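User: I would like to learn how to read helix packing and sheet order in a structure. Could you take me through it?

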Amino acid sequence: MSMTTEAVLGRKARWANVRRETGRALAAAFIALGVAFIIILFTSKAPLEAFNVLLTAPISRPRTIGLWIDDVAKLTITGLAFSLVFQARQFSMGVQGQVYVGGLAAAYIALSPIGTTWLGIPLGVLCAMIAGGFYGFLPGIAKAKLGANEIVSSLMLNYIAIELCNYLVRTQLVPPGSGVLTTNDFPATAVFPALVAGTRIDIGLIFAIVAVLAVWFALYRTAWGLKLRLVGHNAQFAEYSGIRSTVIMVSAMTVAGALGGLLGAMFVQGQSYGKLTILFEGGLAFEGILIAIVARSRPLAVPVVALFYGYLRQGAQLMNIRTDVPSEVIGVVTAIIILLVASSFSIPGRKFFARLLSRDATPPAVMEAGK
Amino acid sequence: MIELFMTVFSATFFVTVIRTATPLLLATLGGLIADLSGALNVALEGMMLVGCLTAVIVSVFAPWYVAVLAAVAAGALLGAVMAFFHLRLKADIILVGFAINIFAAGGTVFALTLATGGDKGTSINLPSKAIPALDLSFLGVIPGIGPTLVQFLSGHSILSWVAAFLVFAIWYFLYRTPWGLWLRGVGEYPAAPEAAGIPVNAIRAWSLLVSGGLAALGGAQLAMFNYVGFTRDMTAGRGFIALGAVLLGARHPVGALLAALLFGFFEALAVVLPGLFNWIPAELIRMIPFIVTVLALVLFSYRALRAHQLRTLSKL
Amino acid sequence: MAPLLQAIDIGKTYPGGVVANNGVNLTINAGEVHAVVGENGAGKSTLMKILFGIERPDRGTLLLDGKPVSFTNPREAIDAGIGMVFQHFSLVPSFSVYENVVLGSEPRHGVRFDRQEAIEAVRALSEKFRLSVDPLPPVGQLPVGQQQRVEILKALYRDARILILDEPTAVLAPQEVEELFVAVRALVEQGRTVIFIAHKLPEVLEISDRITVMRAGKSVGEVAAREVTEKSLATLMVGREVALRVDRAANQGALACEIKALKVTGENGATLVDDLNLRVHAGEIVGLVGVEGNGQSELLEAVAGLRPIADGVAYLDGKSLAPLTILERRAAGLASIPEDRLARGLATGASVAENLIATRLDDKRYVRNGLLDLKAIKANAEKLIERFSIRVGAPGAAVGTLSGGNMQKVVVARELSEQPKLLLVNQPTRGVDLGATQFIWRSLTDARDAGAAVLLSSADLSELLALADRLVVLYRGKIVAAFVNSDDLTPETLGTYMLGIATQAPAEMQGALR
């Protein structure tokens with residue numbers, strides 16, 4: 001076989017792989033939605049209407065489209081953060097905590113005199129990223145130096161960050177005597193300008209697009225990214241190759257933390273809030289797990305998945321408002337999609353379609369027989 | 001400060017510690033079984049939460065013990081789901097675990113809304129039952145120590161006694177029965193039991209089932225004794241703390257007991273502190289269990305590392 | 001009388017299309033030692049897995065005592081009286097010997113595991129079959145030969161009538177092989193039947209009564225051991241005449257690597273390499289001989305920078321390696337082919353091209369200002385794929401999709417892509433087919449002829465005797481003997497030193513230690 005035909009075959013195999021993964025994800029989504037429909041059917045008084053709202057409401061009005069796209073930008077960032085740590089085969093679950101410390105840092109900048117100058121946005125975002133990066137660094141260094149399990153430590157840090165946010169909002173950031181757990185609105189100079197007037201689409205979307213490209217570039221075009229992926233594939237091999245896997249591990253968790261911090265700034269400085277409220281994150285950070293898994297931790301796939309999932313999420317919120325079905329039903333959909341995509345489940349009848357679609361099946365790999 | 005000491009060394013505080021430690025202990029034992037069989041069960045949190053809600057809802061219609069058993073069954077069912085996706089469909093156990101957590105966080109609120117007819121926050125409108133406390137006041141007739149015994153031993157949840165018994169039972173199972181040997185073998189080096197014809201995956205599946213059942217039992221205690229009723233996200237990270245307690249307890253049932261008591265102690269402290277020192281912000285008090293868990297985990301890892309280094313040095 | 005165990009026309013194709021067995025016939029008579037021989041990949045292991053119920057055949061029949069049987073899992077095979085000792089032991093390291101032996105068939109008292117009875121039973125069995133194994137210590141602390149006997153005890157405890165030994169001698173020193181053979185003969189005397197899987201022909205001829213030869217998934221013949229020679233057996237096995245021969249070093253160059261008073265300790269503090277002195281010259285291959293676990297791997301890892309050196313120095317071209325990081329050592333001309341390619345030598349999920357430059361991520365040709373030069377990386381991969389004839393679709397294909405031999409070629413290609421000054425090699429051809437073995441051997445001698453100093457460790461004595469110019473024997477981390485390789489040097493001679501039965505006097509070693 002000549003080199004060129006082999007290269008073509010390789011490219012074909014890669015595309016076949018992408019097609020298969022996409023098919024699997026879509027099939028998982030259909031199954032999950034099917035389950036959701038059955039649940040709605042049994043629990044709602046007007047199931048068809050509820051399902052209709054779930055599937056069509058997000059694009060019904062410019063305002064809801066804005067809500068959807070705003071969610072997509074945020075989901076993209078948390079998906080990227082999880083993708084980074086998953087590619088390094090770490091299971092840091094600290095995005096939630098990073099969002100809160102990032103949000104706090106951004107709020108402190110926005111509410112300070114700096115917030116009224118042009119520095120309000122860049123400095124707020126930067127400080128949020130530094131704070132989030134530091135918060136991501138902590139479980140990383142604890143694992144690298146002491147072997148402390150990063151799953152447990154990062155989860156604990158999430159709870160600590162939430163309480164810290166509650167405390168600081170109540171005692172420092174809220175004007176005395178107001179009684180609410182929300183700060184004053186940030187000065188206009190510290191709030192992300194809207195890209196589309198009258199919607200929530202703001203420059204957070206640009207941050208998300210830049211972040212996708214930056215993470216993709218870092219992972220696939222830099223030595224750091226290759227090292228990170230090698231550590232993720234086989235840390236022992238990475239050590240043997242002279243890569244200091246602990247350094248890579250900690251840096252991956254720190255960079256992911258900075259993304260978490262950025263997400264915090266996008267929440268509090270974005271059009272959606274423009275102020276700091278306790279519990280502002282509303283569980284969105286953990287949905288990055290789903291995004292990263294369905295995207296197979298590929299940065300370029302993350303926004304695509306976020307687009308689909310964000311739609312579903314927004315549909316559920318609207319269904320909650322307009323019908324008698326609570327939005328939490330989406331948790332069930334999320335869980336089913338993760339379970340199916342993360343497992344070896346394959347699309348029923350896939351082999352049949354594969355034969356139908358491609359005549360030149362990939363030759364079976366010659367494995368070590370009899371071993 | 002004096003008041004703090006008085007409180008901490010009182011019988012009432014002891015009873016509080018037992019109460020706060022019981023759900024943690026049950027979940028930790030669940031985590032331990034899964035861990036020893038080779039699976040890190042990060043779904044303890046979700047299993048506890050589902051246990052809470054199941055117990056509360058069933059207790060509206062049935063006696064308390066039926067509610068507790070229903071909770072255990074629900075947890076075991078989640079364990080079976082984990083086992084199916086992890087063992088049969090080869091999904092990563094940690095991802096499966098988080099899927100269960102996400103399912104539990106959303107699913108419990110969804111189910112609660114249905115059960116209460118629209119209330120998303122609490123089950124306050126449901127007449128749910130409590131697990132009875134075991135009254136041992138008859139011990140008071142013992143001369144001398146009787147009253148003290150009653151103070152310390154009476155008034156615990158029946159499940160606290162069950163949990164204490166389970167520590168012994170699980171220890172006996174793990175280290176004194178053939179099946180405990182199998183389970184530990186499966187966790188340490190699965191190829192060995194496999195070659196001996198032991199059904200490795202069945203053991204793993206059963207471990208996850210039992211793990212789920214125990215975590216949900218902890219949930220039942222939480223929602224039918226520590227609090228009576230369900231509130232959204234009421235486990236508040238206890239399942240994750242239990243995960244830390246498994247590691248801290250050196251993967252041994254007695255270690256699990258000690259770790260659960262430690263975390264229970266700090267949770268109890270968080271319960272009594274606001275009454276004693278109202279100047280300490282409530283948020284900081286609520287942080288205590290999490291900070292203690294992180295510190296304990298870090299210190300324990302550091303100690304393990306040091307011990308390792310010292311052993312190495314002493315042999316040089 | 002019907003044969004004890006009979007396999008007729010067994011076929012097995014793995015998912016993914018690998019045909020492992022395709023028409024295998026095997027007849028085992030009671031009370032014999034029956035060898036099954038064949039190259040790596042001939043399908044021996046698959047056949048044994050089918051006999052033991054780990055794999056299920058796609059077609060064919062198994063007859064035990066003339067009656068058809070079908071095992072769905074090892075448990076059923078065990079209950080039918082079949083025992084198996086795998087090449088990789090299935091022992092739980094932290095469990096004691098007796099716990100490992102009885103695991104799965106524990107004596108019980110109610111629900112309680114009766115430890116005392118277990119200990120007694122194991123002790124009795126050990127005495128009956130003269131295996132001399134203490135039931136109490138954790139198996140993780142036992143030497144390999146003893147662990148193997150624990151495996152045999154496991155099968156005997158389950159009353160195995162038929163004992164399958166899968167490549168049992170691969171991990172043993174020649175003298176330990178003799179001890180094993182004593183045990184095998186004792187088993188046969190007591191009425192047991194032994195199936196012996198192997199590819200080392202002298203051993204096969206020594207121990208077995210009858211031999212079934214497998215090639216490419218088929219059984220190609222059954223012969224009586226008395227009636228064949230090693231040569232005719234080899235021809236039957238390979239299907240063609242093969243000669244694995246390499247040329248010795250033509251000339252020897254200057255001193256390249258000097259190891260002085262080197263000491264390496266394990267994580268638990270045990271001394272693994274002790275006061276070791278060795279010199280390797282450019283253009284020669286020095287073989288490290290020893291039973292596995294006597295410090296060969298640790299020595300290579302310490303020189304490569306994968307393990308801390310406790311004491312002593314290693315020089316490369318007169319420069320101490322100690323202060324250098326792994327990458328700096330590589331930059332200084334060190335290359336290393338690790339023992340376990342899957343665990344340490346490759347990232348199977350990454351592409352071939354990425355694996356081929358993984359050790360060169362500070363090289364200006366592939367990385368500038370932290371950015372990857374994808375063109376250069378691809379060009380490098382294409383060049384090496386051609387030079388080492390690696391069979392792969394494209395440089396972007398994941399290494400995990402390659403066969404074992406081709407994976408090892410990726411490792412060798414990476415390490416030899418630049419002519420090294422010092423090449424560390426550990427088990428270069430383990431689990432690799434014959435064609436790839438020849439290719440890898442030639443690559444090693446080419447590197448040597450181009451001036452590399454090669455330090456080679458292998459569990460396969462014939463590989464060491466074929467490749468090395470000088471041989472040093474390690475026993476418990478010390479050099480106990482040194483030889484200049486010659487045709488007179490036999491495995492038996494080496495074995496005496498490998499087991500620590502004999503030690504050369506320093507003067508004796510001098511000649512070969514230059």
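Analyst: What follows treats a helix pair and then a sheet. This is a predicted model, in which local features need pLDDT of at least 70, side-chain atom pairs count only at pLDDT 80 or more, and totals for chains, interfaces and linings use all residues. Residues are numbered from 1 along each chain as its sequence is written, while chains are lettered from A and ligands numbered from 1 in the order in which they are written.

User: At what angle do helix H3 and helix H4 of chain B pack?

Analyst: Two packed helices are described by the angle between their axes and the distance between the axes. Here H3 (residues 44-61) and H4 (residues 64-88) of chain B pack at about 145°, with axes 8 Å apart; helices are DSSP runs (H or I) of at least four residues, and strands (E) of at least two. Axes are lines fitted to C-alpha atoms, for helices over the stretch in contact, and angles run from 0 to 180 degrees between N-to-C directions; contact means C-beta atoms, placed from the backbone, within 7 Å.

User: In which order do the six strands of the open sheet in chain C lie?

Analyst: Strands of a sheet pair through backbone hydrogen bonds, either parallel or antiparallel. In chain C the order is S18-S21-S22-S15-S23-S24, with mixed pairing, where a pair needs at least two DSSP bridges. The edge strands are S18 (334-337) and S24 (478-484) of chain C. Within the sheet, S15(C) and S23(C) pair in the parallel sense over four bridges, and C:Gly287 has C:Leu471 as its bridge partner in S23(C).

User: Which strands does helix H14 of chain C lie across?

Analyst: H14(C) (residues 404-416) lies across S18 and S21 of chain C, running at about 175° to S18(C).

Technical notes: Two residues are in contact if their C-beta atoms, placed from the backbone, lie within 7 Å.
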